Amino acid sequence: MNKKKQHHLSYAKWGYIFILPFFVAFFIFSLIPLVDTVRYSFYEYYRSGIKEIGPTFIGLENYAELLKSDMIGYAGNTLILWLIGFVPQIVIALLLANWFTDVRLKIRGKQFFKVVIYLPNLIMASAFAMLFFALFSTNGPINSILMSIGLTDTPIDFMGTTFGTRSLIGLMNFLMWFGNTTIMLMAAIMGISPDIFEAAELDGCGSLKRFFSITLPLIRPILAYTLITSIIGGLQMFDVPQILTNGQGNPDRTSMTLIMFLNSHLKSRNYGMAGALSVYLFIVSGILCFFVYRMTNGGDNTAKPRKHAKGGKA
């Protein structure tokens, strides 16, 4: 009996056709500008008035010039501002996520609380910064309330001190992102099998021990993702301090971040220095993300077969 030839219709090519627009857009709007940024970092290329200087190849001079500038100080500012916002963010997000996912507590209205804590994430950072600028100005409502209840006799210049400005920036970053972090950690905890928690409870495991011995180790991938994205976002911190300090990083440029420093070079059209600073940011981001990944995933003790010496017992 002759077998009929079966014709199979391949749909594989349609998958490539559907994703082709993404790769075309990525190549045009991301890859080419990225390559140009790295290339211009080795050139003297800027504009002075209507006169364009360069591009002239100067090697690593832009990188050396940046090291002599205040870039290291601005990197320290960025790190401090990130820590002020991130440390309370991850602590409170972990506590809330563990609280909301604990079935023994039987919390009512979980969906309402999820919406409330996520709402600040929907507000634009620029609008958030303008709101805080109005609230904490010397003639703002916060000072009016403090003076009316007798806590102070004169208006407090919140944005006139290093501590006040940095605290406001950290508070804004915390309020904007802790809801998103909480939702992500809740999803990670809910992905853990309930049988593990039930077995731990039967063995008499307390809440703290269960959290540190079961919950934290099992959500390490999401914790690593949260840390890495937070580091990248912290290095790219721009809009909140830019609007709150009118782009000056006041007081005494203690709130000037690396991206604000980069923006000043772009504004002056110094493309060579801006390119070199972008490369520095890329390298620092890569190094920090690598260390965070190793710290959060390096302790995974996967069972490996031991190699026994010859003549040894198995």
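Helices (H or I, at least four residues) and strands (E, at least two) are taken here as DSSP runs, numbered from the N terminus. The model is a predicted one, in which local features need pLDDT of at least 70 and side-chain atom pairs count only at pLDDT 80 or more, while totals for chains, interfaces and linings use all residues. Residues are numbered from 1 along each chain as its sequence is written, and side-chain values use heavy atoms, with hydrogens and water left out.

Isoleucine 232 belongs to helix H10, which covers residues 220-235. Its relative accessible area is 31%, so isoleucine 232 is partly exposed, where buried means under 20% relative accessible area, exposed over 50%, and partly exposed in between, computed with a 1.4 Å probe on protein chains only.

Asparagine 143 sits in helix H6, residues 141-148, and it counts as buried because its relative accessibility is 0%. When neighbours within four places in sequence are left aside, asparagine 143 is in contact with Phe136, Ser137, Thr138, Pro155, Ile156 and Phe158, contact meaning heavy atoms within 4.5 Å.

Strand S1 (residues 43-48) and strand S2 (residues 51-57) run antiparallel and are joined by five bridges; two strands are said to pair if DSSP finds at least two bridges between them. The two strands form a hairpin with two residues between them, and glycine 49 in the turn has a positive phi of about 70°. Tyrosine 43 stands opposite phenylalanine 57, which is in S2.

Isoleucine 58 lies in the loop that runs between S2 and helix H2 (61-68). Not counting residues up to four places away in sequence, isoleucine 58 touches Phe42, Tyr43 and Glu44. Between isoleucine 58 and tyrosine 45, which are 13 residues apart in sequence, the C-alpha to C-alpha distance is 9.8 Å.

The table sets out two helix pairs, with axes that are lines fitted to C-alpha atoms, for helices over the stretch in contact, and angles that run from 0 to 180 degrees between N-to-C directions.

| Helix pair | Angle | Axis separation |
|---|---|---|
| H8 (residues 194-202) and H9 (residues 207-218) | about 165° | 11 Å apart |
| H4 (residues 110-122) and H7 (residues 162-190) | roughly 130° | within 6 Å |

Helices H8 and H9 pack at an angle of about 165°. That angle makes H8 roughly antiparallel to H9, given that angles under 35 degrees count as roughly parallel, over 145 as roughly antiparallel, 65 to 115 as roughly perpendicular and the rest as oblique. H8 passes H9 in a right-handed crossing; a crossing is left-handed if the near helix is turned anticlockwise from the far one by less than a right angle, and right-handed if clockwise. On the H8 side Ile196, Phe197 and Ala200 meet Arg210, Ile214, Thr215 and Leu218 of H9. By class, this contact of H8 with H9 has five nonpolar, one polar and one charged residues, with Ala, Val, Leu, Ile, Met, Phe, Trp, Tyr, Cys and Pro counted as nonpolar, Asp, Glu, Lys and Arg as charged, and the others, Gly among them, as polar.

The axes of H4 and H7 cross at roughly 130°, and these two helices are therefore oblique to each other. Their crossing is left-handed. H4 contributes Lys114, Ile117, Tyr118, Pro120 and Asn121 to the contact, and the residues of H7 that take part include Trp177, Phe178 and Met186. The residues of the contact of H4 with H7 divide into nine nonpolar, four polar and one charged.

## The loop between H11 and H12

Most residues other than glycine have a negative phi, and most peptide bonds are trans. The peptide bond from asparagine 250 to proline 251 is cis, with omega near -5°, and proline 251 lies in the loop between helix H11 (239-244) and helix H12 (258-267).

Aspartate 252 is found in that loop between H11 and H12, and its phi is positive, near 55°. At 72% relative accessibility, aspartate 252 counts as exposed. Arginine 253, in the loop between H11 and H12, has a positive phi near 60°, and with a relative accessible area of 38% arginine 253 is partly exposed.
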